[in-house]
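Have the viewer open as you read.

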Amino acid sequence: MSDDPTRVREFFGARAAGWDSRFPDDGPAYAAAVAELGLRPGDSVLDAGCGTGRALPPLRAAVGPSGTVVGADLTPEMLERAVRAGRDGADGGALLLADVGRLPVRGGALDAVFGAGLVSHLADPAAGLRELARVVRPGGRLALFHPIGRAALAARHGRSLTPDDLRAEPRLRPLLAETGWRLVDYVDEDARYLALAVREG
């Protein structure tokens, strides 16, 4: 389920070089999920646990030249790959080597957060979601995304779904509620997983 930061860094660091080539067809799914965030020109958005930055181009397109996009990740090798792929935010954004649980961002500074494959890798999911709530203004949005659903992901890893999966709606809804978020939409299909939440006032 959740991992400590050292294990997360080691896991993704060892896989960074081939990450994009392992999932070459995910681009449209990322773009569709970003569209559901409802970003507007001029918004500020964080890609939390951005990895190689696959969500950064659609996020940047959504907020336009007057907006700000920040990608934060714990793994230096993933951020290096984002830079090599030209996703380093030279046009109105930045990449941060940072733990999502302790962000160098002032409170209420952001309009939205996008998190792909994020929740299951947080050392303390409640603390991580609370920190994301801290940096988002009231009424701002959170998208928790994965390009395939929970059942398809479990099958890919040779596992079966268990009731304690944090991404299951009965677990996720109360977790979001206790950390400052209200779940407003939930989709878990073979082709995608997307939970949308709004920052409570």
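## A buried charged pair

D165 and R150 are both buried (buried means under 20% relative accessible area, exposed over 50%, partly exposed in between, with a 1.4 Å probe and protein chains only). The two form a salt bridge, their closest N and O atoms sitting 3.0 Å apart; the term calls for a side-chain nitrogen of Lys or Arg within 4 Å of a carboxyl oxygen of Asp or Glu. This pair ties together distant parts of the chain, 15 residues apart: R150 belongs to helix 7 (150-156), and D165 to the loop between helix 7 and helix 8. Helices (H or I, at least four residues) and strands (E, at least two) are DSSP runs, numbered from the N terminus.

A word on the ground rules: this is a predicted model, where local features need pLDDT of at least 70 and side-chain atom pairs count only at pLDDT 80 or more, while totals for chains, interfaces and linings use all residues. Residues are numbered from 1 along each chain as its sequence is written, and side-chain values use heavy atoms, leaving out hydrogens and water.

## Other salt bridges

The whole structure has 9 salt bridges. One of them joins R182 and E200, with 3.6 Å between the closest N and O atoms. R182 lies in strand 6 and E200 in the segment after strand 7, 18 residues apart. R182 is partly exposed at 41% relative accessible area, and E200 is partly exposed at 34%. Through shared partners, salt bridges also join R150, D165, R167 and D188 into one network.

D99 and R102 make another salt bridge, at 3.3 Å from N to O. Here D99 is buried at 18%, but R102 is exposed at 62%.

## Helix 8 and its two sides

Which residues of helix 8 are buried? They are L172, L175 and L176, in a helix that spans 169-178. Looking down the helix axis, these buried residues fall within an arc of 100° (taken from the directions from the axis to the C-beta atoms), so they line one face. They pack against helix 6 (125-135), strand 5 (136-146), strand 6 (181-189) and strand 7 (192-199), with contact meaning heavy atoms within 4.5 Å.

On the other side, P170, A177 and E178 are exposed. After helix 8 comes G180, with a positive phi near 105°.

## The greasy middle

The largest nonpolar core holds 30 residues, and L46, L132, L176 and W181 are among those touching the most other members. Such a core is a set of buried Ala, Val, Leu, Ile, Met, Phe, Trp, Tyr and Cys residues joined through side-chain atoms within 4.5 Å. Helix 6 gives the most to this core, with 5 residues.
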